[in-house]
Amino acid sequence: MRIKLGFGNQCLLALVLGLVAGHFMPQNAVDIITPFGDAFLKLLKLIIIPLTFSTIVASFSKLDDIHLVQRLGTRTLIWFIITAIIAATIGVLIGKLFNPGLGLNLSLAASDYQPRTIPSISGTFLDMLPGNLIGQIAEGKVIPVIIFAIFFGLALTSMGEKANTVRNFFDEFSHVMFKITRKIIRLSPYGIFALLVPVGNEYGIATLLPLGKFIVAIYVACALQIIVYAILITVVAKRNPINFFKQFWPAMITAFTTSSSLGTLPVTLETLVDRVRISERVAGFVAPLGATMKMDGCGAIYPAIVCILTAQVFGIDLSLQQYILIIITAAIATIGTAGVPGTASIMATVVLASVGLPLQGLALVIGIDKIIDMMRTMTNVTGSGVCATIVDKTYQKHLAK
């Protein structure tokens with residue numbers, strides 16, 4: 001009797017087998033398998049820009065109502081901020097419950113640790129605007145591409161029938177990119193296995209024990225945030241949350257494995273359109289934004305718990321005002337540092353500095369970043385998918401009028 005596993009379960013099995021196999025494999029075997037995981041990530045990164053650009057242009061070039069763009073953008077940002085505030089609040093509450101900094105020794109911090117530089121507000125804003133687009137693409141900056149694609153699509157709309165040839169080209173090109181995306185995504189179980197083997201090999205129990213409470217706190221907080229998403233899917237999007245998570249599972253597993261919201265973007269888009277069945281137009285608008293701006297795990301939960309750990313290690317009593325400041329700063333930072341490499345460290349640095357806590361506290365947790373980054377990223381991507389589904393509900397209501 002043959003047991004047939006669904007695609008999401010195949011990815012989950014690959015994740016477990018990769019961790020277990022990596023733990024027992026000799027180093028030379030791990031070195032052979034690791035490049036296959038890197039190759040899978042390269043394939044995902046290959047399609048990010050052409051898929052994002054063609055999908056947005058194709059979607060916006062067909063718009064009959066330009067004001068709909070404003071509504072989609074406004075509602076997307078509102079839901080991004082609401083869920084970020086909830087995530088930061090959960091981070092503070094779980095941090096206080098677990099007390100991850102009690103009993104930690106500062107000697108755990110790397111002596112050569114250098115705090116990340118906090119980007120200026122003007123620099124971050126200018127970083128988002130399209131400039132030398134080819135150079136920005138080479139640097140992996142997606143927001144400038146999104147903005148240019150929206151302008152390009154709206155320009156095609158304003159030209160009417162004159163732009164039909166270009167409009168049809170990008171429509172067909174976006175379908176070609178989805179076809180390529182689906183082929184690459186079928187390789188996910190193999191790529192996930194190869195990505196998890198070195199993780200299982202590198203992190204042993206001895207490495208994780210000193211920061212065990214911190215790791216558990218991150219995972220519990222992220223799990224609670226996903227429960228919040230389930231409530232929002234039920235109440236706001238009027239969908240069965242169990243069905244939603246079953247449909248969205250491939251994107252969640254890929255995010256957990258790759259630890260990259262951008263790297264998961266092709267899977268997120270394909271999953272939202274083909275499995276969750278939301279509008280391609282909404283998915284093409286919200287998901288790319290979410291891949292760079294929806295950082296509930298990295299930008300809200302993580303900095304909040306790092307702040308509490310740092311305060312406890314250095315014996316600093318935080319006031320109620322400081323807790324509120326942590327929540328507000330973390331929520332704003334999730335959007336304000338979009339597109340900056342090393343997002344989680346940058347956001348934690350921003351929040352630590354805003355509350356007046358020593359930046360050295362971040363050094364304590366850098367060594368186990370990969371382990372916690374997996375759950376953080378899965379939370380980010382799940383939040384992006386949930387917001388896209390909620391915004392799609394509004395979009396469908398608009399079409400029904």
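I begin with a definition: a residue is called buried when its relative accessible area is under 20%, exposed when over 50%, and partly exposed in between, using a 1.4 Å probe and protein chains only. The model I am reading is predicted, so local features need a pLDDT of at least 70 and side-chain atom pairs count only at pLDDT 80 or more, while totals for chains, interfaces and linings use all residues. Residues are numbered from 1 along each chain as its sequence is written, and side-chain values use heavy atoms, with hydrogens and water left out.

**Entry 1: the whole chain**

I looked up the secondary structure and found 18 helices and zero strands, where helices (H or I, at least four residues) and strands (E, at least two) are DSSP runs numbered from the N terminus. Of the 401 residues, 54% count as buried. I then turned to contacts, meaning heavy atoms within 4.5 Å, and noted that among those with a separation of 6 or more, 84% join residues 24 or more positions apart.

**Entry 2: helix H2**

Which residues does Leu44 contact, leaving aside its neighbours within four places in sequence? I found Leu44 in helix H2, buried with a relative accessible area of 0%, and in contact with Ile184, Thr254, Thr258, Gly263, Pro266 and Val267. Leu44 and Pro266 are 222 residues apart in sequence, yet their C-alpha atoms are 6.7 Å apart in space.

Ser59 also belongs to H2, which covers residues 27–60, and at 6% relative accessibility Ser59 counts as buried. Neighbours within four places aside, Ser59 is in contact with Glu280 and Arg281, and its C-alpha lies 9.6 Å from that of Ala283, which is 224 residues away in sequence.

**Entry 3: helix H12**

At the start of H12, a side-chain oxygen of Ser260 comes within 2.7 Å of the backbone nitrogen of Gly263. Ser259 lies in the loop between helix H11 (241–258) and H12, and is buried with a relative accessible area of 15%. Ser259 has a positive phi of about 55° although it is not a glycine. Most residues other than glycine have a negative phi.

**Entry 4: another positive phi**

Is Asn99 buried, exposed or partly exposed? At 23% relative accessibility, Asn99 counts as partly exposed; it sits in the loop between helix H3 (67–98) and helix H4 (121–128), and has a positive phi of about 50°.

**Entry 5: Leu272 and Thr389**

Not counting residues up to four places away in sequence, Leu272 touches several residues, including Phe248, Ala283 and Thr389.

I followed Thr389 into helix H18 (residues 369–400), where Thr389 is buried with a relative accessible area of 2%. Beyond its neighbours within four places, Thr389 has contacts that include Ile233, Arg239, Leu272 and Val276.

Terms used. Polar contact = N/O pair within 3.5 Å; in protein donor to acceptor, adjacent residues only side chain to side chain.
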